[in-house]
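Visitor: Hi, I have just opened this one and would like someone to walk me through it. Could we look at it together?
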Amino acid sequence: MRKWWFIVLWLMMLGLAGCQQRTDYPAQLLLADSLASADPTTAITLLSVMEEDMNQAPKATQMLHRLLSIKAADKAYIPHTTDSLILPVVQYYEQGGDPDYLGEAYYYAGRVYRDLNDAPLALAYFQKGLDATQQNKSQWVSSVLYAQMGEIYYYQSLYPEALA
């Protein structure tokens, strides 16, 4: 009987450990991340309200705020006009920032360069994103990276590459 309770308790602890969210970022940032895809205008508003607090925030929080601002603008179909916002974010994640966000940073760098009509650079960032997602097995990021690469190849009439 004791062994049965031990197994149940052990499984509950494993379940709770697996369901735990990251707590090193403010809850508002995590909410903005969730809202960015479903309601990007609300995410943009939430992120702009947080803008003043970012000067005193830790570097990791500042960089995630910037990444999420770019993400929300992208999801709201606001065209990117410069790479000056994404480049420091990419550099931060390349140099030891949270590895879970590296693939996403590369994805949005590719999206920025796609908006700037620089297909070769966009493809290079998308490929870097694929390489980064192989390490943390992020299926969502991998799928959107492949989709973006295929679309760029398609619009350049490189049909075999687009299919691959």
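Visitor: Let's start with a histidine, then: where is His80 placed?
Guide: In this model, which is a predicted one, His80 sits in the loop between α4, residues 59–75, and α5, residues 86–94.

Visitor: And is His80 buried or exposed?
Guide: His80 has a relative accessibility of 10%, and because buried means under 20%, His80 counts as buried.

Visitor: OK, which residues is His80 in contact with, apart from its neighbours within four places in sequence?
Guide: With those neighbours left aside, His80 is in contact with Ile70, Asp74, Arg111, Val112, Asp115 and Leu116. Ile70 is also one of the α4 residues that make the contact between α4 and α5.

Visitor: Since you mention those two, how do the axes of α4 and α5 cross?
Guide: The axes of α4 and α5 come within 10 Å and cross at roughly 135°, and the two helices are therefore oblique to each other. The crossing in which α4 passes α5 is left-handed.

Visitor: Who makes that contact, and how do the residues divide by class?
Guide: From α4 the contact takes Lys59, Ala60, Met63, Leu64, Arg66, Leu67 and Ile70, while α5 brings in Ile86, Pro88, Val89, Tyr92 and Tyr93. By class, the residues of this contact divide into 10 nonpolar, no polar and two charged.

Visitor: Now another pair: what about α2 and α3, how do they cross?
Guide: The axes of α2, residues 27–38, and α3, residues 40–50, come within 7 Å and cross at roughly 155°. An angle over 145 degrees counts as roughly antiparallel, and α2 and α3 are therefore roughly antiparallel to each other. Their crossing is left-handed.

Visitor: What does each helix bring to it?
Guide: On the α2 side the contact is made by Gln28, Leu29, Leu31, Ala32, Leu35, Ala36, Ser37 and Ala38, and on the α3 side by Pro40, Thr42, Ala43, Leu46, Leu47 and Met50. Sorted by class, the contact of α2 with α3 has 11 nonpolar, three polar and no charged residues.

Visitor: Which residues of α3 are buried?
Guide: Pro40, Ala43, Leu46, Leu47 and Met50 are buried in α3. These residues cover an arc of only 120° around the axis, which puts them on the same side of α3. The buried residues of α3 pack against α2 and α4, whereas the face turned away from the buried side carries the exposed residues Thr41 and Val49.

Visitor: Last topic, the backbone: what is the phi of Asn117?
Guide: Asn117 has a positive phi of about 60°, although it is not a glycine. Most residues other than glycine have a negative phi. Asn117 lies in the loop between α6 and α7, and at 72% relative accessibility it counts as exposed.

Visitor: And what about Ser157, where is that and what is its phi?
Guide: Ser157, in the loop between α8 and α9, has a positive phi near 60° and is likewise a residue other than glycine. At 46% relative accessibility, Ser157 counts as partly exposed.

Notes. Residues numbered from 1 in each chain as written. Predicted model: local features only at pLDDT ≥ 70, side-chain atom pairs only at ≥ 80, totals over all residues. Heavy atoms only, no water. Axes fitted to C-alpha atoms, helices over the stretch in contact; angles between N-to-C directions. Helix = DSSP H or I, 4+ residues; strand = E, 2+ residues; numbered from the N terminus. Parallel < 35°, antiparallel > 145°, perpendicular 65-115°, else oblique. Left-handed = near helix turned anticlockwise from the far one by under 90°. Contact = heavy atoms within 4.5 Å. Nonpolar A, V, L, I, M, F, W, Y, C, P; charged D, E, K, R; others polar. Buried < 20%, exposed > 50% of the residue type's maximum accessible area, 1.4 Å probe, protein only. Arc of directions from axis to C-beta.
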